[in-house]
Structures are given as structure tokens and as C-alpha cells.
Amino acid sequence: MRWGRGLAAALLIAAGAAVHAQDKVSVTTTWFAQAEHGGLYQALATGIYKKHGLDVTIRMGGPQVNGIQLLLAGQSDFVMNYDFAVLSGVERGFPLVTVAAPFQFDIQGLLAHDDVTDLSQLKDRTVLVAGTGTTYWWPWVKKKYGLTDAHMRPYTFNMQPFFADRNIVQQAFPSSEPYQAQQRGLKTNFFLLSAHGYPPYTQALTTTRKMVDEKPDVVQRFVRASIEGWKSYLANPAPANELIKKDNPNMTDGQLAFGLAKLKEMGVVTGGDAARLGIGIMTDERWERTAKFMVEWGLLKPDTDWKRAYTTKFVKDLGIMP
């Protein structure tokens with residue numbers, strides 16, 4: 001009997017350990033910590049990831065960080081990325097799979113001084129474009145508005161050239177660079193590229209085909225927890241913001257508040273298909289539109305199997321409504 005009670009106790013301890021075991025998961029963001037990553041930080045700060053059995057590490061991106069390389073090298077389990085990058089990777093044979101889209105449209109845009117009222121005026125301007133932009137959105141802008149590479153100069157994520165020269169237009173996110181210009185007292189106009197026909201998702205959660213095939217339960221829990229994190233962040237951002245400022249000490253309360261206000265105002269997380277199908281939703285129609293767009297503008301080979309770039313199975317039945 002003693003042996004039996006001891007065995008029962010051992011089994012209970014083992015069962016308890018199994019219940020409390022946390023799957024370790026790492027995710028790399030697109031940039032230094034900011035409001036655009038708020039959902040992930042919120043899921044970490046409020047214990048949502050832990051509730052779903054996940055021990056998550058968030059790693060910041062940055063100008064020298066190639067998230068897809070880290071993913072393919074097994075140094076990150078998930079990355080936040082653009083579907084343009086994923087489709088380009090699939091074209092090259094990379095086993096990339098996007099599993100959720102917390103942002104319903106790309107927030108990439110162009111920031112100009114207030115005398116620029118339409119993108120047709122870019123022919124008389126110098127446009128600052130970062131390295132990734134030269135691959136993704138610049139070829140489309142260039143063709144659509146009759147520009148050449150002679151109009152372009154590198155954007156080094158320093159806004160001093162823009163502040164000093166009214167002839168300069170630069171890439172920007174509505175939640176970031178316009179705030180810096182506002183703090184300088186400058187009047188500007190921001191042009192959201194998605195409002196002019198640019199179709200991709202951005203900040204989408206991407207992993208590898210191996211992860212999807214071998215650990216679908218981990219993927220499902222990570223997706224659900226991240227989406228719950230986004231809903232929570234929009235309601236009460238304070239927990240996430242503390243972690244964001246810890247990771248990125250240069251981030252101010254004012255910048256975070258401005259960024260979140262823009263995300264809400266534009267319906268980046270809660271608008272589009274998310275308004276009726278739930279936060280994080282992706283659709284076959286959107287992916288097909290993006291793939292056809294890339295082919296049309298010479299950014300993707302026509303015979304690319306674009307359907308391998310994503311799966312909707314982790315988001316289609318979540319129904320986490322705004």
C-alpha cells in the first residue's frame with residue numbers, strides 16, 4: 001500500500017509538471033519596440049502567453065536584423081514580416097508560411113511637407129527610401145507615378161534631411177515619423193500607400209513549414225494568444241508599454257500614445273476583414289490579390305506557387321472580434 005500511495009503521488013507530481021510545462025517560443029519583430037508590436041508585448045506582460053502554455057521571448061528587429069534569415073536558421077520560431085517578403089521567399093524555395101495578420105493592411109506611407117497635396121507631385125521631389133523599400137514598394141511607386149531611381153536617395157532612419165529640405169519626401173509609418181515632425185512644429189501630409197492601391201499585409205506572423213507541420217498546436221496557441229494580446233492592448237496598453245520602454249528606452253510615452261491612437265483611428269487591427277471575421281484574419285482573396293499585384297509589377301514570377309506562402313487554418317475559426 002505504501003508503494004501504491006508513493007506511485008500515485010509520483011504520478012500526480014508528474015501530471016502537475018506536465019500541466020505547468022511551458023513551450024518555449026521566440027518571435028522577432030520588425031523594428032525596435034514600439035506600438036506596432038503592442039499586441040505581442042501585451043500578451044507577454046499580462047500573462048496571456050503563459051495562460052496558453054507558452055514561454056515567449058520577444059526579440060527586437062532593427063536595421064541590421066534580417067528576420068527571415070533568423071527564422072530559416074532556426075534562431076527564431078516566428079517573425080513579424082511583410083507578405084511581399086514571404087512571397088518572394090517562396091519564389092526562391094524558402095519554406096515560409098504566414099499564419100496570422102494582426103494588421104489588416106500595410107501602414108507604409110510617404111511623408112511630405114504640406115505643399116505636397118498629391119503623389120503626382122513626386123516628380124519634382126527627392127524620395128528617401130530604406131533598403132527593404134527598394135525591393136517592395138518603391139518599384140510600384142516608381143512605375144505608378146512615373147519616377148526613376150534618380151528620384152531616390154537612401155533613407156537612414158534619420159529625419160534631419162527631411163527637416164532641413166522641403167523638397168524631400170520620405171518613407172514613414174503614420175504612427176512614427178509624423179509624430180517626430182509634429183514635435184518640430186512642421187506641417188506635413190502623410191500618404192498611406194494602401195489607400196492608393198498597395199495591397200499587402202504587414203506585421204504578419206510568419207513561421208516555417210516545419211513548424212506548421214510538426215508543432216501545429218504550438219502555432220495555434222501562439223496565434224490565439226497574440227491575437228488576444230492585440231485586443232487587450234487596444235483596450236489598455238499600459239502593461240505592454242512598460243515592457244516596450246524597457247526594451248527600447250528611447251521610446252517615449254508621447255510616441256506610444258500617438259502610435260496607438262493612429263492604429264485605432266485607421267482601423268489597422270480592427271478594420272477591413274477583421275471587423276466581420278475577427279482580429280488576425282487572412283483571406284485567400286487578399287493573398288491572391290497581392291500575388292497578382294506582384295506579378296503585374298514584375299515583383300514575382302508568374303509561375304510561383306503563392307498558395308504555399310500562407311495558411312488560414314490557424315485564424316479562420318478564432319473569431320476574436322474587435
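**Chat: a walk through the chain**

Trainee: What is the relative accessible area of Ala 261?

Mentor: It is 41%, so Ala 261 is partly exposed. Buried means under 20% relative accessible area, exposed over 50%, and partly exposed in between (1.4 Å probe, protein chains only).

Trainee: What sort of model is this?

Mentor: A predicted one: local features need pLDDT of at least 70, side-chain atom pairs count only at pLDDT 80 or more, and totals for chains, interfaces and linings use all residues. Numbering starts from 1 along each chain as its sequence is written, and side-chain values use heavy atoms, with hydrogens and water left out.

Trainee: Back to Ala 261. Which element holds that residue?

Mentor: Helix α13, residues 253-265. Helices (H or I, at least four residues) and strands (E, at least two) are DSSP runs, numbered from the N terminus. The C-alpha atom of Ala 261 is 9.2 Å from that of Leu 234, and the two residues are 27 apart along the chain.

Trainee: Zoom out. How many helices and strands does the chain have?

Mentor: There are 15 helices and ten strands. The radius of gyration is 21 Å, close to the 20 Å that the globule rule gives for 322 residues, so the chain is as compact as a globular protein of that length. That radius is taken over C-alpha atoms, and the rule is 2.2 Å times the number of residues to the power 0.38.

Trainee: How much of the chain is buried?

Mentor: Of the 322 residues, 52% are buried. Take contacts between residues at least 6 apart in sequence: 82% of these join residues at least 24 apart. Contact here means heavy atoms within 4.5 Å.

Trainee: New topic. Where is Thr 29?

Mentor: Thr 29 is in the loop between β1 (23-28) and α2 (38-45). Its relative accessible area is 4%, so Thr 29 is buried.

Trainee: What does the side chain of Thr 29 reach?

Mentor: The backbone nitrogen of Gly 61, at 3.1 Å. That is a polar contact: a pair of N or O atoms within 3.5 Å; within protein, one must be able to donate a hydrogen and the other to accept it, and residues adjacent in sequence count only if both atoms are side-chain atoms. Beyond its neighbours within four places in sequence, Thr 29 has contacts including His 37, Ile 58 and Met 80.

Trainee: And α2 itself, how many of its residues are buried?

Mentor: Six of the eight, so α2 is largely enclosed by the rest of the structure. Leu 40 and Tyr 41 are among them. The cover includes β1, β2 (54-59), β3 (78-81) and α11 (216-235). Just after α2, Gly 47 has a positive phi of about 85°.

Trainee: Which residues other than glycine have a positive phi?

Mentor: Among them are Phe 157, near 65°, and Gln 203, at about 60°. Most residues other than glycine have a negative phi. Phe 157 is in the loop between β7 (152-154) and α8 (160-164), partly exposed at 39%. Gln 203 is in the loop between β9 (188-192) and β10 (204-208), and is buried at 2%.

Trainee: Last one. His 113: buried or exposed?

Mentor: Buried, at 1% relative accessibility. His 113 lies in strand β5, residues 109-113. A polar atom of its side chain is 3.4 Å from the backbone oxygen of Asp 165. Not counting residues up to four places away in sequence, His 113 also touches others, including Phe 162, Leu 186 and Asn 189.
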